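This report describes selected features of one model, beginning with a protein–DNA surface and continuing with strand pairing and helix packing.

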2 protein chains.
Amino acid sequence: MTHDTVPVAHRELERGNGVALWRQIQAVLEHDLRSGYVAAGEKLPTERQLAQRFGVNRHTVRQALAELARKELIVVEQGRGAFARRDKLDYALARRVRFSENLLRQSRIPSERLLGSDKVQAGRRAAEALQVLPATMLLRLRTVGNADGRPLCCTTHYFPYGRFAGFAAVYGQLHSVTAAFRALGVADYVRTSTRITSRMPDAAEVRALGLARQTPVLVVESVNADGAGTPVEYGVCVWAADRIQFVIDAAESVCGGTGG
Amino acid sequence: MTHDTVPVAHRELERGNGVALWRQIQAVLEHDLRSGYVAAGEKLPTERQLAQRFGVNRHTVRQALAELARKELIVVEQGRGAFARRDKLDYALARRVRFSENLLRQSRIPSERLLGSDKVQAGRRAAEALQVLPATMLLRLRTVGNADGRPLCCTTHYFPYGRFAGFAAVYGQLHSVTAAFRALGVADYVRTSTRITSRMPDAAEVRALGLARQTPVLVVESVNADGAGTPVEYGVCVWAADRIQFVIDAAESVCGGTGG
DNA sequence: GATAATTTGTTCGTATGTATC
DNA sequence: TGATACATACGAACAAATTAT
């Protein structure tokens, strides 16, 4: 029925019925947001447009938006507008951590892209993680991980060069760390160590991840090892904090995975 | 030998020897920092003082400080000064997560303080975590955790009211969640779920944690259960991101604890 | 709460040395 | 040799944040 598809926002407001105008506007917008009429991440009309549509002063609209922001249904950014809140993606940190599987489980479309690769000497931290001598040659890969085509994280991977010299070429074809490992004889790998902290992003990260102002990044340092327990990858991954939430579940956690 | 204890910074710089002045200054300061002559967290002299000591322009000093900040050896705060970087505390997320034990393992002195408590109805999230019906009565506790007397995290704890009505009183005496649980018959409890994300702090959090400008917080939602697997606590903890790093280690991790 | 002093952050302009074509 | 670009270094003034009074 066509009249049902007309956005609720076009209905008129009632004055003097005991419910403040801003409350009515808030209820209308909240319905639009919760019903999915306004998609997650979508930009709401400007305050001026909303004020015109509802036939009220801009301040009245602002009061409604402030309430929605308090309820975390929208995010308001100075100079840009108001946006429907995007649910944070639950990223499982289990015994096996797989980017694609994690995203698909959340009904997001994963993709990865190679930014570049080179050969470097192992620093203190990388050497310790990979259990090699400092100054050992490592292959370094810079990649971006996307969810639904939008950048989600930037990773710097380190691999022992001797064993994985061909990783960059293979990754360039397969666009997946897991697949590249398999192609190079590592049928399975497990997470042995994870360190998580947070900081503000630098300018390059703001650009690469398309971050809003005042959004921090989560920094995850991880080590993966092959079936024999030999470290095969050390990585530092920078995540957009407003789009991700790490989940550690005891049932299927870091050392009790189902092994699927 | 006394002349060896004179800070290297008092030596004069060489001009026109192929090494830029700011590089020489950076090297001197880096030595002072790495050697421990300047302790972690200690304030460096002001830019003006350093410029005078080295006999150069303030800009030249700033260039050296910028390099040290890039190397994360110092943290510079507008209006306050430059500070020798304080190592981040490694906080282990294992099967058993204990605030005091975690800090003592890092040679920090732990302390906890009760901010307040009240009785509230369970919201959606708390009800789900504690496996009770929404609107079930819960005891809510607000606490602060300190490391070496400095605020590190603010936690909001939720306990099923029926079973733990006396928790606040006991905690007020013992200043420890673990000890309070034991006093109320919960000899042991284990972490069943952990969710981690990050955001910018609000004004109250900046005050409570003594955060520097532009420092994000890590937000950890957790559920702990007793020996029988019954959830006993749901908590939301806000951590100062510049002082903490969460560590998940496969060897003694969320489900493979040593059970000490 | 208001004010002043202190300290870092930013932006001008100017001059010099060095490397490159 | 000259032209050019770039990094270095200095000076002054002002903005912004913090701290002390």
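A residue is taken to be near a strand if its C-beta atom, placed from the backbone, lies within 6 Å of it. The model is predicted. In chain B, the residues around DNA strand D are B:A20, B:L21, B:W22, B:V56, B:N57, B:H59, B:T60, B:Q78, B:G79, B:R80 and B:R213.

Strands β1 (residues 74-77) and β2 (residues 81-84) of chain B run antiparallel and are joined by 4 bridges. B:I74 has B:A84 in β2(B) as its bridge partner.

There are 3 residues between the strands of this hairpin, and B:G79 adopts a positive phi near 80°. B:G79 is also among the residues around DNA strand D.

## A sheet with strands of chains A and B

An open sheet is formed by 8 strands in the order β4(A)-β5(A)-β6(A)-β9(A)-β8(A)-β7(A)-β10(B)-β3(B), with mixed pairing.

In chain B, β3(B) runs parallel to strand β10 (residues 244-249), to which 4 bridges join it. The bridge partner of B:L89 in β10(B) is B:I244. Helix α8 (residues 167-174) of chain A packs on the sheet, where it touches β4, β5 (137-147) and β6 (150-160) of chain A. The direction of α8 makes about 15° with that of β5(A).

## Packing of α2 and α4 in chain A

Helices α2 (residues 21-34) and α4 (residues 58-70) of chain A pack at an angle of about 50°, and their axes are 8 Å apart. The two helices, α2(A) and α4(A), are therefore oblique to each other. Their crossing is right-handed.

On the α2(A) side, the contact is made by A:L21, A:W22, A:I25, A:Q26, A:L29 and A:E30. The α4(A) side supplies A:T60, A:V61, A:Q63, A:A64, A:E67 and A:L68. By class, the contact of α2(A) with α4(A) has 7 nonpolar, 3 polar and 2 charged residues.

Definitions and conventions
Residues are numbered from 1 along each chain as its sequence is written. Chains are lettered from A and ligands numbered from 1 in the order in which they are written. This is a predicted model: local features need pLDDT of at least 70, side-chain atom pairs count only at pLDDT 80 or more; totals for chains, interfaces and linings use all residues. Two strands pair if DSSP finds at least two bridges between them. Two residues are in contact if their C-beta atoms, placed from the backbone, lie within 7 Å. Axes are lines fitted to C-alpha atoms, for helices over the stretch in contact, and angles run from 0 to 180 degrees between N-to-C directions. Angles under 35 degrees count as roughly parallel, over 145 as roughly antiparallel, 65 to 115 as roughly perpendicular and the rest as oblique. A crossing is left-handed if the near helix is turned anticlockwise from the far one by less than a right angle, and right-handed if clockwise. Ala, Val, Leu, Ile, Met, Phe, Trp, Tyr, Cys and Pro count as nonpolar, Asp, Glu, Lys and Arg as charged, and the others, Gly among them, as polar.
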